[in-house]
Amino acid sequence: MRLPTWLAQHLAALRALLVFTVLLGLAYPLAMVAVGRVPGLDGKADGSLVSVDGRTVGSSLIGQSFTDADGNPVPRYFQSRPSAAGDGYDPTSTSASNLGPEDIVDTNATNPDDSTQSLLTQVCSRSKAVGELDGVDGRRPYCTPDGVGAVLAVFHRDGLTGPVTRVVSVNQTAPAAPFVSSYQGVPVEPAQPGHDYRAEGGLITPIRGDAPAIPAVPADAVTASASGLDPHISPAYAAIQVNRVARERGADPAAIRRLVSEHTTGRALGFMGAPAVNVLELNLALDQEFPAR
Amino acid sequence: MTVTTAGVLFILSLVAALVAVHKPFGDYMYRVVSGTGHSRVERGIYRLVGVNPAAEQTWGVYARSLLAFSAVSVLFLYAFMRLQNHLWLSLGFDPVMTHGAWNTAVSFVTNTNWQWYSGESTMGHLVQMAGLAVQNFLSAAVGIAVAVALVRGFARSRTGELGNFWVDLTRITLRILLPICVLAAIVLMIGGAVQNLSGGTDVSTLTGGGQHLTGGPVASQEAIKDLGTNGGGFYNVNSAHPFENPTSWTNWLEIFLLLMIPFSLPRVFGRMVGQNRQGYAIAAVMAILALASITLTNVFELAGNGTVPQAVGAALEGKDVRFDVSNSATFAAATTLTSTGAVNSFHDSYTALGGGMLLVNMMLGEVAPGGVGAGLYGLLILAVITVFVAGLMVGRTPEYLGKKISSREIKLASLYFLITPALVLAGTAAAFATGNNSTALNVGPHGLSEVLYAFTSASNNNGSAFAGITVNTPWWNTALGLCMLLGRFLPIVFALALAGSLARQKPTPASEGTLPTHRPLFVGMVVGVTVVLVALTFLPALALGPLAEGL
C-alpha cells in the first residue's frame, strides 16, 4: 500500500524528529552529564556548592542575603546588592526589576498596601539606608533628604505653558515636608494619597539637587542586578563596609581590607568584565578568621 | 585600565576571533553543505527516516518537507509540555496550560525562544533537554538549510533542484552544531555552568535563611542556545544566571558562539557561488551594521542618561557586577543583532536610547549578522532589493550573481520584506486597540516600548524582551505565537520560492551594464537600503517610544 504523499511526508518528519530527540535530547545531554562526573569538574557541574563543617551553606556562584528574619542587614557581614528575585536571592524565582530609566513617580494609593515605589525612590531609599548603616554620605542626585525620588508635578495655567499655578512633591506624602519649600515662587505641597498627579495634568519634573555627582554609596549598592542572584559586589561597595564589619568583629580594619582584596577578582585576561568581590566567600573567610564576638 | 578601554578591548577581541574563524570555519561549513559522502550514522538516520539522500528536491518539495517537519515539531512539543507531569524529571511541575504550551512550542520551533515562563518554576528537566533543547538544534539547522537552499538558487542554473531538506538538516546538525556544542558545553562547565539531573539542593545560608539551589542539564542547553542563536534560557534570567553564565570569560565565549555561525556563513555563500569576494561584500555589510550598533549601544549605556541612571551614577539597574555596563551592552547588542534573544542584563532597564538601539537592531530584520541562516537569507534578499533599487536609480540592468532580477523575483523579495513590519505594527496596534497593553509594567512612552518590543521580538524571531510586561495571558500568548509562526515561515517560503525561480534561470554573462556587487559602492548601498527601509517603516513607532522617552 502506498501512502498519500502528504502523509508520507509527515511520517518522515515524525520519524526524523524521534531520531533527533533520542540523539540530541537524550544522548547528548546525558553524555555531558557523564562528563560532568569527571573528578575536578564534578564540583562545578553540581553547582559549586560550599560547605562549612560538612554543612552546605550555599554556592559560590549564587549570591545570598545577609539579613535577619525581618530583612534587616546583619552588620557583621558584608552585604550583597539589592535583589528582585523573589524576596531576595531566591533561585526558584530569579528576576530583575525591569523598571525603566524614567520610572520616577511612586503610586500613592489610599491603601498603603497598594502603593508601589518607583525605581528612583527605591534607589534613593537604599542609598540613604546604606549611608546610615556604613556611616557615609547617602545623598544622591534626584533624591530627597528623606530618601525618596525628588520629583515635582508642576501645573501650569495653560497645560504645558503659562505661569506655574501649583506644585506637588509627588513622592512625599503628607505629613512629610516637601524637599523644597517653593518652586518658581509657588509653594510646594506634599502629595495626597489616591492622586495621580501626572494624569491630573502635572508636568513631571525631577529635581537634581546639590548632591555630589559621584555619591559616596556606589552604584551597585543601590541597584538590583540582572539575575537577582549576583554573587558579587564592586570593590568600592566592599570598601565602605569595611569599617562597620571590623567594628562588629572587633578586628583591625586593615586586616579586613586585606581579606577583601584576597576575595577580589580582577578582569579576566585583564580586560573582560569588571573587578568584583565574591560576598559569600568573603563572609565565610571572615567567620573563619574573625569569628564574631 | 579604564572601563572604556576594557570595553573596547572586549569588542576588539571578539572581532579578531570572528575574523580568525571566518575563513576556516566557513570553508568547513561549505564542505558540510556541499559534500556528498555520508557517514554511517547519517546513512542510519536516512534509513530510519525513510528518505533517499541522493534524491534532490524542487523548492516546493523542500518547503513542504520543512513545513511538515516544523508542524510535527510544534505538535510534539505541545504534547510534551501538556503531559510533562506524567514524565520523568518533571520536578513535580504541573502540565503547562494550553495557551502557554502553544506559545512555547511555536517559540522554540521558530528559533525565537520567546519565554513567557520562568524555566526554574515551570519546565521539568526532561521537557527542557529532550523537548526544548532539541528544537534549539533543529530550528537552527532549518535556518541554515534555507540559507543554503537560497544560495544554491544563485549558484545553480537551468534546474529545479535545490538539494534535499532531510540531508541538509542531518548534516548541519551532526557535523556543525553538535560537535561545537559538545566542546562549548565542556568549556562552560569548566567555567562553572551546572550540568546534572538534580532537582536542586536545599541549603541553610550563613544568616540562617533557606535557599533552594536549582540544578539541571544547563551547560548542554546553554551551548546550543548560543550557537544556534536560539536564546531560550534554562532559567528565567537567562544568561545573567551564574549557573548559565558564571564568569566574564564565559560571557565572552557566549557572545562569540552566537556570532560565530552567522558571521561565517557569508564565506559559505562566497564559496558556493564561486566568488569569495561576493561573500566578503555580504560579510562587510553585516560587520558595518553590527559594529555601528554595538558601539552606539555601548556609548548610550556608558553615558547613562536618564533620571534613574543619573541618580545611580551608572546604568547599572538590571546588570550584574561581573559583566558591568559595557560587557552587558555588548551582549545585548549581539543578542538582538543575531535574533538570539538570550540576555545577560535586562533590557527594560536600559537607558531610553540604549534600549531603543536594541529595538532598532531587531527592526533591521535580523540581518547584521542575523540568526543562523536567517541572517544570510535575509541579507541576500536585501541585496536583491538593492540591485533593483540601484537599477532604477542609474539605469543598470538589475542582476545579481548573473541572475536577472525580474518582476517575479522582486515581488517575492518585497513580500519577504513586508511581512515582519506588518506583523510588528499591526500587532502593536491590536494590543492597544484591545487594551492588552495594560499588562505593561512601566507607564508612558516606556510602556509603549514594552509592547512594541514584544511584537518586534516575536515577529523577527528574536525572543528577548522588555521583560516587565506580563505576557502570560491567553491574548498575549496567542498573538505572539501567531507573530512568531508567520514571521518565521512566510519569509522562509518566499525565500525558497525565490531560490526556485533563480535556479531555473540560465546565467546572464556580466556586461557593461552590470552593477558589480563586490565593491565598496555596493556594500554601502546595501547598508543604506537596509537602514532607510527600517527608518521609513519604524520611525513613527520609535518616536512614540524610546525617542519620546530619551530626548
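Ile144(B) counts as buried because 30 C-beta neighbours lie inside 10 Å (buried: 20 or more other C-beta atoms within 10 Å of the residue's own; exposed: 12 or fewer; partly exposed: in between; C-beta atoms placed from the backbone). The structure is a predicted model, in which local features need pLDDT of at least 70 and side-chain atom pairs count only at pLDDT 80 or more, while totals for chains, interfaces and linings use all residues. Residues are numbered from 1 along each chain as its sequence is written, and chains are lettered from A and ligands numbered from 1 in the order in which they are written.

Ile144(B) is placed in helix H6 (residues 125–155) of chain B; helices (H or I, at least four residues) and strands (E, at least two) are DSSP runs, numbered from the N terminus. Apart from neighbours within four places in sequence, Ile144(B) has contacts with Ile172(B), Val372(B) and Gly373(B), a contact being a pair of residues whose C-beta atoms, placed from the backbone, lie within 7 Å. The C-alpha atoms of Ile144(B) and Leu376(B) are 8.5 Å apart, with a separation of 232 residues in sequence.

Most residues other than glycine have a negative phi, and most peptide bonds are trans. Asp324(B), in helix H12 (residues 324–337) of chain B, is not a glycine but has a positive phi of about 55°. Asp324(B) is buried, with 28 other C-beta atoms within 10 Å. Leu401(B) also has a positive phi of about 55° and lies in the loop between strands S3 (399–400) and S4 (403–404) of chain B. For Leu401(B), 23 other C-beta atoms within 10 Å give the class buried.

The peptide bond between Ala174(A) and Pro175(A) is cis, with omega about 15°; Pro175(A) belongs to the loop between strand S4 (161–173) and strand S5 (182–183) of chain A. In chain B, Ala368(B) and Pro369(B) are joined by a cis peptide bond with omega near 0°, and Pro369(B) is in the loop between helix H13 (352–363) and helix H14 (374–394).

Strands S1 (residues 49–52) and S2 (residues 55–59) of chain A run antiparallel and are joined by four bridges; pairing requires at least two bridges found by DSSP. Ser51(A) has Thr56(A) as its bridge partner in S2(A). Two residues separate the strands of this hairpin, and Asp53(A) in the turn has a positive phi of about 50°.

The contact takes 91 residues from chain A and 98 residues from chain B.

Terms used
Contact = placed C-beta atoms within 7 Å.
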